[in-house]
Amino acid sequence: MKIISIANVKGGTGKTNTTIGLAKELSKNYKVLVVDNDPQSNITSILLNDIKEFDNTLYDVYLQKNIGFNDCIYEFQENFYIIPNCLNSMTLDLELSSKGNRENILLNKLHTIPNIFDFVIIDNSPFISLQMKNSLIISDLIICPIDNSSSSLQGYNMMMNTLKSLQDDNLISQKNICVLRNRFDKTSKFTKDFNITVQESLKDVLLETIIFNSIKYKEASALHTTIQQHSKEHSKVFTDLTNEVLDKIFI
Ligand SMILES: Nc1ncnc2c1ncn2[C@@H]1O[C@H](COP(=O)(O)OP(=O)(O)O)[C@@H](O)[C@H]1O
Ligand SMILES: [Mg+2]
């Protein structure tokens, strides 16, 4: 089983969009578990909108000793399963502030993920939180989506600093990291210049695949579906992304 975190300390760069597109693509050949690790619960409301109440969510996994991942797995589609989240998670940092070893809660519960899964993909909030640290610690690969803004690069740097502090605390060793360009447009001079800067400054971690700007991704979310089911043309990019990710993760 391989674990992938999608993270950037900046909102709106496409973390959730990437999680869903990548998970759907991988689910064509593998069993995939998506973990909604964002208290805003966008994955949950986009893909599990039919379910009005959950017995347990990721909030319970963090908070309750006797609840594991296996207690809150919901099937979305064939080979595509989800662990939902809820707004209560907003206060988890505070609720767990006095708990020892709190960055390793998910690590200590990894054994409760059924061994049928090939991939776990974790969608994160844009905040440096206890939840994000838990996610980074258990990941084999971290994908950081950036859009064509300098603040998304700042978000990448802040995430790298968080990783560095986890390393300094001996909570992790070196991590496999890559950066994904999302919401780029093909025509503007600004994006072209931005792209040149990024190609130079991030050349060691930059994925070749670029997800261009399109309203189709918003439409797919509004329709509670995946881009693969909404627009064949716009989902091709996720085949390329998935191939690149498979190369990165199995080296
Ligand atoms: N390539 C894209 N082109 C256009 N809109 C996009 C693209 N990727 C994501 N979006 C839209 O932008 C918004 C933010 O994306 P989202 O994936 O939710 O970002 P994050 O999870 O990083 O906050 C959403 O409405 C989403 O549908
Ligand atoms: Mg999101």
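## Ground rules

A residue counts as buried if 20 or more other C-beta atoms lie within 10 Å of its own, exposed if 12 or fewer do, and partly exposed in between, with C-beta atoms placed from the backbone. Helices (H or I, at least four residues) and strands (E, at least two) are DSSP runs, numbered from the N terminus.

What you're looking at is a predicted model, where local features need pLDDT of at least 70, side-chain atom pairs count only at pLDDT 80 or more, and totals for chains, interfaces and linings use all residues. Residues are numbered from 1 along each chain as its sequence is written, while chains are lettered from A and ligands numbered from 1 in the order in which they are written.

## The whole chain

Let's start with the big picture. The chain has 11 helices and eight strands, and its C-alpha trace spans about 55 × 40 × 35 Å along the principal axes. For 251 residues, a compact globule would have a radius of gyration near 18 Å, and the 17 Å of this chain agrees with that. (The radius is taken over C-alpha atoms, and the globule rule is 2.2 Å times the number of residues to the power 0.38.)

Of the 251 residues, 43% count as buried. Now for contacts: two residues are in contact if their C-beta atoms, placed from the backbone, lie within 7 Å. Among the contacts with a separation of 6 or more, 78% come from residues 24 or more positions apart.

## The sheet

In what order do the eight strands line up? They form an open sheet that reads β3-β4-β2-β5-β1-β6-β7-β8, with mixed pairing. Two strands pair if DSSP finds at least two bridges between them. β3 (74–77) and β8 (206–212) stand at the edges with a single partner strand each, so one side of each has no neighbour in the sheet. From one strand to the next, the twist averages 25°. Angles here run from 0 to 180 degrees between N-to-C directions, and axes are lines fitted to C-alpha atoms, for helices over the stretch in contact.

Strand β1 (residues 2–6) pairs with β5 in the parallel sense over five bridges, and Ile4 stands opposite Ile121 in β5. Helix α1 packs on this sheet, touching β1, β2, β4, β5, β6 (141–146) and β7 (176–184), and its direction makes about 165° with that of β5.

How many of the six residues of β2 (residues 32–37) are buried? Six of six, so to speak a mostly covered strand. Val32, Val34 and Asp36 point one way, Leu33, Val35 and Asn37 the other.

On one pairing, four bridges join β2 to β4 (residues 80–83), and the two run parallel. Val35 has Ile83 of β4 as its bridge partner, and Leu33 has Tyr81. β2 also pairs in the parallel sense with β5 (residues 119–124), over six bridges; there, Val32 is partnered by Phe119.

With β3, the pairing is antiparallel, over three bridges, and Gln77 has Phe80 as its bridge partner in β4. The hairpin of β3 and β4 has two residues between the strands, and Asn79 takes a positive phi near 70° there.

## Helices

The axes of α1 (residues 15–26) and α11 (residues 232–249) come within 9 Å and cross at roughly 75°. That makes α1 and α11 roughly perpendicular to each other, a label used for angles of 65 to 115 degrees; under 35 is roughly parallel, over 145 roughly antiparallel, and the rest oblique. On the α1 side the contact is made by Gly21, Leu22, Glu25 and Leu26, and on the α11 side by Ser235, Phe238, Thr239, Leu241, Thr242 and Val245. These residues divide into five nonpolar, four polar and one charged. Ala, Val, Leu, Ile, Met, Phe, Trp, Tyr, Cys and Pro count as nonpolar, Asp, Glu, Lys and Arg as charged, and the others, Gly among them, as polar.

Helix α6 (residues 130–138) is mostly covered, with eight of its nine residues buried, including Leu130, Met132, Lys133 and Ile138.

## Two loop residues

Asn148, in the loop between β6 and α7 (150–168), is buried, with 21 other C-beta atoms within 10 Å. Leaving aside neighbours within four places in sequence, Asn148 is in contact with Arg183, Phe184, Thr191 and Phe194.
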